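Hi,

Here is the structure I promised to pass on to you. Please have a look through it, and then read my notes below.

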Amino acid sequence: MSQSFKLSRRAFFKVSLVAGISVCIAPWSQEALAELFEERLLTPVRWDPRTSKTAFRIDGVAKVTGQKIFAQDIRARDMPHWPQQQGHAFIVRIPCADRIYQGIDLGYLGPDLQPDRVVTAESLERDGLVLPGSYGGEPFLATGRSALYLGHPVAMLIYRDFARFNRAKARLKFNEDKYFRYGAHAPFRENDPYASFRFVRVAGDARQGPDVYSSFKDTEIFGHYLKNHKTAWPEALRHGKLDEQGMAYAQEIREELISPPPEWLVMTRQYASQSTDGGAMEPDNANGWYDAGQQALHLVITSQSPAEDANGIAEMLARSRFGIKSLFIHPCHTVGYGTKENSIFPFYGLIAALYGASLPVRLSNDRYEQFQSTLKRHAFDISRTIAVDRKSGLFQILQTSLVSNGGGRANVGPAVAVSAATASQSIYYFPRNDIDVVCNYSRAIESGSVRGFGTLQSMLATEMLVDELAEALHMDPIELRLRNALHSGDPTTQGIAAAGAERIVEVLQKAQDHPIWKQRAATKARFDAGHPGQVYGVGFACVQMKFGHVGGEASFAKVEIDPHGRITLYHTCTEMGTGMSTSQAVNCARWLGRPADKVHTSLLAWPELPLKTGGNPHAMSQAEQDRWARDSAWTPILVTAASASNSSYFNSHTTLEACRLIFDHGLWPAAMAIWSQGPGGGQASSYLVRPEDARWTPEGLTANGMEPLPLEHLAAEAHARGLLTGTMVHAVSRYEWAEATFDFDGQSKHVPLDGVSVRHGLAPYRMLPRQQAFYPDVQRKFAIATYFSLTSTLVELSVEIGTGKVTVLNHHHVVDCGRPIVPELISGQLQGGVAMGIGHALYEYLPLYEDGPGNGTWNFNRYHLPRASEVAVWQQTGELLPPLSDTDPSKGMAEVVMIPIVPAIANAIHHATGHRFYDLPVTPEKIKEKMS
């Protein structure tokens, strides 16, 4: 390690050795970027113990004063151990996919603007740099080939000074015909789909009884691919293999929809949801330095998945000829709405650093480059059919086929496809279903993990179809929803019930009783009469969305209390604009009486809890998992990426469990020791004092009339007695929490954790051996989703008959987020999510191919993000469904809040105009065409 790299032990951690490379995480610490961010700009939670509320988020002051630091703001001079000179790089991308690439002629730049280094596919091949498997091949397009996708990188140009870099970049922009050399025309590339899945369910005799067939009970079905790259499914055989049996039931379902009973109404509609940009205000960027003398690589990245990036970069380096011994990753605070999860950009930052000739090199997109290269929302084509009994209004069958455009790289397309398919049911119960989904390769820009993760596209189709069914049945749309709503214990289309109580009926009834809905006919008559040339409409939609990653969630957390009662929280989760650093700090108050004083996020190294992973958690057999689980240091998943909705439940779990252990084995014994002091056993001698009676008050901890004890007093006592004052924990969930038994100070205790290290007083941490571990059965991977959050939306809008312009007048939302941690953060997520949903419904659109952003000419001058005047910013209202009790878990809802307003707007436009629209966004031109 470089002698100039003097990070403290607390701020510098070795994660692991990957093929001989020491992978280290260097978070922003006092010695690194304290002055730029965490130590100076993050303020402790201003907590009111009487109301249990915080005045503002811990990064709030920095945000409103413009001081918030993202990775984009970091330069070499900000890194104390780096050389002070900053180099710069940019990527040249090919704007077409039907020509043979023959290289670039940089003579167009002139002699003064020639790059100091040009990196191409040949450079990477020579030096043995290959992208990790999940990112596919061809980071740069080689000469003699056509592009894998529009905007495929062909070269990276590196400059030692900013002035020449800036002039060169400006000269090349929009002038591709001046320096690209093309050969013959070539057909567009063709590849197999990235994934194909099918989910079939046939209920048994009882609604909540055993299924005849389901993906959870039996298996989900996987497609295979023909020579023409089309998807083929297994043969339909009633007595064949499990997947063949499923196909036999699917065939029966489709045959019945072709010749349904006379009492059924069967309706099929085709929907299209467009490709959109995430619109993150921080473009993709990285800054790296290759210290050739020390054989060390230092990299500042923006990422929602820094653990995966660190391991992938180490693997890439290990196979190369660079001989690097140490990798230092600096994960930074970021914002991405999913576009910085599983992003390829950190790997281009790595390449820039490696070829910088020992000079730190910064690679940062401008807005045109961001549109041309960043991850997009998957476009979907959807065929959806619902069969309903005309008399009862009960749904009988859901059948749907979804086709997703994954673009030029697989990314998380398979997981998005699964999410879209299993979200198709929305909030409804179906006795039978046949759902298939295919995620296709195309020459479009790579699609990824954008807010909603496929469920937006899928559920908007269901909510629009249910409204149309209600009209055909002459039934109130909310009444039809009430008749078919999922109840607690009802199985999903995969055949497993949701965890916890379903409160869909409650939310629907609130909407049904709301004045916007009850008075919609009278309001429309009044508005239309008073506004010539305009028509008024009301729309409704209600959806529930899973939260958490497909396949499992895992995180580490560490909580410490010093002798003065100061609380410090360390967490693997990344702050990506959701406010998780504030909410996790506030979580500490539940067991420790007040929020954490300091919070450190994006920590990936946990040397005092050295767990390891092995095997593929998504593909291993039960026997394989059972073998792995015998090793008390094994866990199926170490860390999962940050997402908009996994903090409040999954990451809160580790925070809360760490705090609970400190309370049970540190603060409570300290309290009992204090209360028992004095003649005759002190205060505690006269009362029965039990931990379940403990309560935190503004004055401190009390129980059964005991004197309230401030946290400072308890902490001092706990340290003096050598009680537990710090815990480091790991938890993993596969649609239920793994559990294990540990010995805490001679007491055997079963906890929903699979790894624990503890500290007594100020002694070193020690890892507790697992006495027994219980991991969820591997079959639960077929559950796909059991944790849901719920949102309904009522929207009022008007349509100008002559122009087709839609104006959103008002909207009201009901959100079931369980127990809110910081209600103000939920309000912010709701408002932001609704704005994104309005954009998807009315404005945002990216052509997929040659006239789309892959040609490098798109920016916000062409891409319409909704403005404050277009989202009813001053009229909108929302309410949180009260939790059933103060023990309710907190549910992730930062994604679901953007979804229902999209179909609600489409339904409202129909109410206003009498016309239905199936292809989003619903633009003025489409409305004018229908109304002409």
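Before the details, one cut-off: a residue is called buried when its relative accessible area is under 20%. Please keep in mind, too, that this is a predicted model.

With that cut-off, helix α16 is mostly covered, as 8 of its 8 residues are buried. They are M580, S581, T582, S583, Q584, A585, V586 and N587.

Which elements give two or more residues to its lining? Besides α16 (580-587), they are the strands β4 (53-54), β26 (694-697) and β27 (700-703), together with the helices α17 (589-592), α19 (647-675), α20 (711-720) and α21 (823-842). The lining counts 38 residues, and those nearest the pocket centre are S52, A589, R590, W591 and W696. Sorted by class, the lining has 19 nonpolar, 11 charged and 8 polar residues.

Now to the packing. The largest nonpolar core has 99 residues, and the members that touch the most others are F395, L469, L508, I838, L842, I905 and I909. Helix α11 (residues 455-472) gives this core its largest share, 9 residues. Another core, of 55 residues, lies apart from it and includes A596, F650, F663 and L825.

Leaving aside residues up to four places away in sequence, L842 touches V806, V808, I905, I909, P921, V922 and T923. Of these, I905 and I909 are themselves among the members with the most contacts in that core.

Best wishes

Key
Residues are numbered from 1 along each chain as its sequence is written. This is a predicted model: local features need pLDDT of at least 70, side-chain atom pairs count only at pLDDT 80 or more; totals for chains, interfaces and linings use all residues. Side-chain values use heavy atoms; hydrogens and water are left out. On a 1 Å grid over the protein atoms alone, a cavity is a set of points where a 1.4 Å probe fits but cannot get out, and a pocket is an open set with protein on both sides within 12 Å along at least five of seven lines; lining residues have an atom within 4 Å of a point. Helices (H or I, at least four residues) and strands (E, at least two) are DSSP runs, numbered from the N terminus. Ala, Val, Leu, Ile, Met, Phe, Trp, Tyr, Cys and Pro count as nonpolar, Asp, Glu, Lys and Arg as charged, and the others, Gly among them, as polar. A nonpolar core is a set of buried Ala, Val, Leu, Ile, Met, Phe, Trp, Tyr and Cys residues joined through side-chain atoms within 4.5 Å. Buried means under 20% relative accessible area, exposed over 50%, partly exposed in between (1.4 Å probe, protein chains only). Contact means heavy atoms within 4.5 Å.
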